[in-house]
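Keep the structure open as you read.

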Amino acid sequence: MAHRPVGQTGRVLLTVSTTHQPATDLGYLLHKHPDRVQDFRQSFGTVTVFYPEATTQRCTVALLLDVDPVRLARSQARNAPDFSLAQYVNDRSYAASSLLGVAMADVFSTARSGRCASRQELADSAIPLEIVVPTLPCRGGADIAHRLFEPLGWVVEAEPIPLDEAFAEWGDSRYLRLRLTGVVRLADALNQLHVLLPVLDESKHYWQGPDEVDKLLRSGEGWLGSHPEAALITRRYLGRRSGLTRTALARLAELGDEVEEALEPADDEDLLQPEEKRVPLNVQRHDAVHQALLDLGARTVIDLGCGPGQFLGRLVKTPVFTRIAGSDVSTRSLQYAARRLRLDRMSERQAQRVELFQSALTYEDDRIAGFDAAVLMEVVEHVDPPRLEALERVVFGAAGPGAVIVTTPNAEYNVLYEGLAGMRHPDHRFEWTRDEFTEWSGRVAATYGYRVELRGIGEIDETLGAPTQLAIFTRKEGNDD
């Protein structure tokens with residue numbers, strides 16, 4: 001691809017279309033009026049937002065980024081990746097990259113948050129979307145684009161762009177024309193693009209500091225952790241900085257997601273098809289809790305603090321569980337869970353097995369009672385210590401299931417996570433040592449008439465134990481209400 005002289009402006013385009021009717025509601029969701037052309041200044045250029053079509057049947061918003069290479073070079077710190085000659089001779093000005101991701105995140109910041117006072121129900125809903133990026137650098141080619149977007153529910157068209165159409169023998173460039181279609185919540189779509197555009201490019205125009213982990217987790221909420229390529233995405237987004245990557249993956253795991261550690265690959269490993277890998281800790285947690293439920297002979301199960309429903313999906317696939325419920329204090333998480341389980345597509349018979357509802361575990365709720373077993377997987381550490389007794393009373397006392405399975409981090413193990421300072425996730429109110437968990441479990445069991453068995457989950461360190469602690473509470477005979 002030819003490079004323009006410094007001083008000329010390069011243009012990068014992204015369009016988002018919907019056929020939801022009335023389609024012009026897209027303007028409300030984006031907080032950008034279809035009848036206006038708006039410009040937004042960035043440190044590296046100017047963003048123009050306009051609507052090439054806006055009818056009740058179809059509406060398209062275009063984000064056009066004019067990149068000024070001189071302003072881009074001046075805006076970069078001296079230790080940024082593109083400094084020196086690369087700041088003058090590169091493709092930042094011509095292809096979708098972190099520049100477009102940053103610009104889109106800024107211009108559509110309210111839409112990314114999912115807030116829309118005039119159309120909140122629509123903002124919370126999945127709608128038909130088409131996203132087109134005409135020129136997109138992609139290390140690994142079309143296969144990587146499919147691996148990243150298809151698990152998120154998108155139909156992916158990734159068309160390689162020839163190096164030169166006049167010389168077919170030269171082959172394809174590293175650029176794609178990307179078209180995504182699907183029924184997705186707009187906020188989710190924008191956040192996915194914010195993360196995955198620089199991941200595909202595997203280059204950022206700015207220096208990455210520790211706050212990049214927080215940016216990644218915010219934009220990846222509800223979808224990143226359960227993505228089969230979560231480790232690849234995290235490594236690329238964080239520029240393969242091992243400390244940041246390990247911290248991000250550990251924090252994702254503590255959110256109940258599927259990844260735990262970052263195995264640093266060779267430069268080309270991301271381009272290979274997934275092969276046998278070490279089983280992530282969260283998968284081991286799910287395996288251990290699932291097997292414990294089977295061993296207990298439970299038929300009705302409630303997942304308390306179910307989050308986006310990953311473990312519920314495992315339960316639904318197990319026919320022996322005849323009644324399955326998930327509760328969470330977050331309505332957003334329950335919406336994710338419903339989409340993950342595809343409740344709207346279940347047969348009537350299947351749908352009768354599953355129930356989702358909002359509930360706070362520190363307040364009594366008749367809906368959480370009457371189950372053979374209750375699961376508290378990576379939940380108790382999110383409760384303020386003064387409120388723990390209320391949770392104990394609600395779950396073990398008022399609800400009183402036949403069994404309660406609790407998992408929680410082992411604080412002693414944290415020193416083995418490179419780059420992790422403090423607790424595994426900023427929302428954790430505490431993390432127990434093994435002695436502290438043993439004391440808590442014994443006290444709760446004695447108070448509410450349960451027996452308790454303690455186990456570890458994950459790779460065991462001879463001195464520090466296992467990364468996850470597991471307690472299986474079973475009601476003593478004669479203590480049934």
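Look at the loop between α1 and β2 (38-42), where you will find His31. In this predicted model, His31 has a positive phi of about 60°, although His31 is not a glycine. His31 counts as partly exposed because its relative accessibility is 37%.

A positive phi turns up in Glu378 too, with a value near 55° in a residue other than glycine. Glu378 belongs to the loop between β11 (373-377) and α15 (388-399). Is Glu378 buried or exposed? Its relative accessibility is 4%, so Glu378 counts as buried, the cut-off for that class being under 20%.

Here are the two residues side by side.

| Residue | Phi | Relative accessibility |
|---|---|---|
| His31 | about 60° | 37% |
| Glu378 | near 55° | 4% |

Another backbone feature to inspect is the cis peptide bond that joins Gln21 and Pro22, with omega at about 0°. Pro22 sits in the loop between β1 (10-18) and α1 (25-30). Why point these features out? Most residues other than glycine have a negative phi, and most peptide bonds are trans.

Leu163, Phe167 and Trp170 make a nonpolar patch of about 310 Å². Phe167 lies in the loop between β6 (155-162) and β7 (172-185), and counts as partly exposed because its relative accessibility is 35%.

Finally, the whole chain. The protein chain holds 16 helices and 14 strands, and 52% of its 481 residues count as buried.

Note on methods
Residues are numbered from 1 along each chain as its sequence is written. This is a predicted model: local features need pLDDT of at least 70, side-chain atom pairs count only at pLDDT 80 or more; totals for chains, interfaces and linings use all residues. Side-chain values use heavy atoms; hydrogens and water are left out. Patches are made of residues with over 30% relative accessible area and no salt bridge: like charges are joined within 9 Å, nonpolar side chains (Val, Leu, Ile, Met, Phe, Trp, Tyr) within 5 Å. Accessible areas come from the Shrake-Rupley method with a 1.4 Å probe; for residues, only the protein chains shown count as cover. A salt bridge is a side-chain nitrogen of Lys or Arg within 4 Å of a carboxyl oxygen of Asp or Glu. Helices (H or I, at least four residues) and strands (E, at least two) are DSSP runs, numbered from the N terminus. Buried means under 20% relative accessible area, exposed over 50%, partly exposed in between (1.4 Å probe, protein chains only).
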